[in-house]
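Please look at the sequence and structure first.

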There are 2 protein chains.
Amino acid sequence: VDIRIIAIGKVRDRAITALCEDMTGRIRHDARLEIVELKDSDSTQEGKRILETAAKRKAFRIVLSEEGRECTSREFATLLSRQTTGIDFIIGGPFGLSTDVKKQAGMLLSLSRMTFTHEMARLFLLEQVYRALSICNNRKYHK
Amino acid sequence: VDIRIIAIGKVRDRAITALCEDMTGRIRHDARLEIVELKDSDSTQEGKRILETAAKRKAFRIVLSEEGRECTSREFATLLSRQTTGIDFIIGGPFGLSTDVKKQAGMLLSLSRMTFTHEMARLFLLEQVYRALSICNNRKYHK
């Protein structure tokens, strides 16, 4: 799998950064993973930058959104394994994503009905990607 | 609110520990919070210890379980604000919880349809408790 995460803003919390880096390292043993961090501003500007960046390659575009559909980790693993052209995940910032970004998504995905910070969302997503790869590769993973 | 978290095992990951401690400190400005860590073994033994510990006080017992019902952060805040006798949250270990623990729950709660580690579950729960208190106290919270 060839995965790209397009996110608004940097992760500022040091502990979350450390956890994200740990997960990134693990994922890269199994898959290509690129993280693109775009500058934050208002959601219209952010939306433009996201769509410009995403347009640079052909990939299945999964946008993280509270309105999205939920899936189990196993369903998520199946989803990942079926993509042949690569996957772009898009995570907004504190101000949310513009409707344009949501409209042009291949799929809207919700990680939980509960709301959490975009920093936690990035960590959660990375952990689920690693879990999905573990499921696909029949590797035990829990800690 | 008077909150107790009864969890199996310690959090070993240093970054997750740091994040949990940060959240614990924040929560304690608004509410009483006790974290009880029980020794891990098999799920039957773990279940016995959990039920013994929980029996020591009268509280609404919320058991974290994949089979539980999901709620939004706002619904979770309402749930918390309605409890007058205190709340016990129960988080199992890597081997899951015994059926006895689940049967004797006031409510089964699922944080997400996705699976994650019990360490991440603890962090996620603490973050949602803090978010719930922020909602109840009309305090802005995002980072």
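## Helix α1 against helix α5 in chain A

In this predicted model, α1(A) and α5(A) are roughly parallel to each other (angles under 35 degrees count as roughly parallel, over 145 as roughly antiparallel, 65 to 115 as roughly perpendicular and the rest as oblique). The axes of α1(A), residues 14-27, and α5(A), residues 118-136, come within 9 Å and cross at roughly 25°. Axes are lines fitted to C-alpha atoms, for helices over the stretch in contact, and angles run from 0 to 180 degrees between N-to-C directions. Helices (H or I, at least four residues) and strands (E, at least two) are DSSP runs, numbered from the N terminus.

The crossing of α1(A) and α5(A) is left-handed, a term used if the near helix is turned anticlockwise from the far one by less than a right angle, with right-handed used if clockwise. Contact means heavy atoms within 4.5 Å. On the α1(A) side the contact residues include A:Ile16, A:Leu19 and A:Met23, and on the α5(A) side they include A:Leu123, A:Leu126 and A:Tyr130. The contact of α1(A) with α5(A) has eleven nonpolar, one polar and four charged residues. Here Ala, Val, Leu, Ile, Met, Phe, Trp, Tyr, Cys and Pro count as nonpolar, Asp, Glu, Lys and Arg as charged, and the others, Gly among them, as polar.

## Helix α3 against helix α5 in chain A

Helix α3(A), residues 73-82, packs on α5(A) at an angle of about 75°, with the axes 8 Å apart. This makes α3(A) roughly perpendicular to α5(A). Among the residues that meet are A:Phe76, A:Ala77 and A:Leu80 in α3(A), and A:Val129, A:Ala132 and A:Ile135 in α5(A). By class, this contact has eight nonpolar, three polar and two charged residues.

## Between the chains

A rotation of 180° with 0.0 Å of shift along its axis superposes chain A on chain B, with an RMSD of 0.0 Å (least squares on the C-alpha atoms of residues with pLDDT of at least 70 in both copies). The two copies are thus related as by a two-fold rotation axis. Of the contact residues of chain A, 100% recur in chain B, so the same surface serves both copies.

The axes of α5(A) and α5(B) lie 13 Å apart, at an angle of about 155°, and the two helices are therefore roughly antiparallel to each other. Their crossing is left-handed. A:Met120, A:Leu123, A:Phe124 and A:Glu127 meet B:Met120, B:Leu123, B:Phe124 and B:Glu127.

## Conventions

Residues are numbered from 1 along each chain as its sequence is written, and chains are lettered from A and ligands numbered from 1 in the order in which they are written. Local features need pLDDT of at least 70, side-chain atom pairs count only at pLDDT 80 or more, and totals for chains, interfaces and linings use all residues, while side-chain values use heavy atoms, with hydrogens and water left out.
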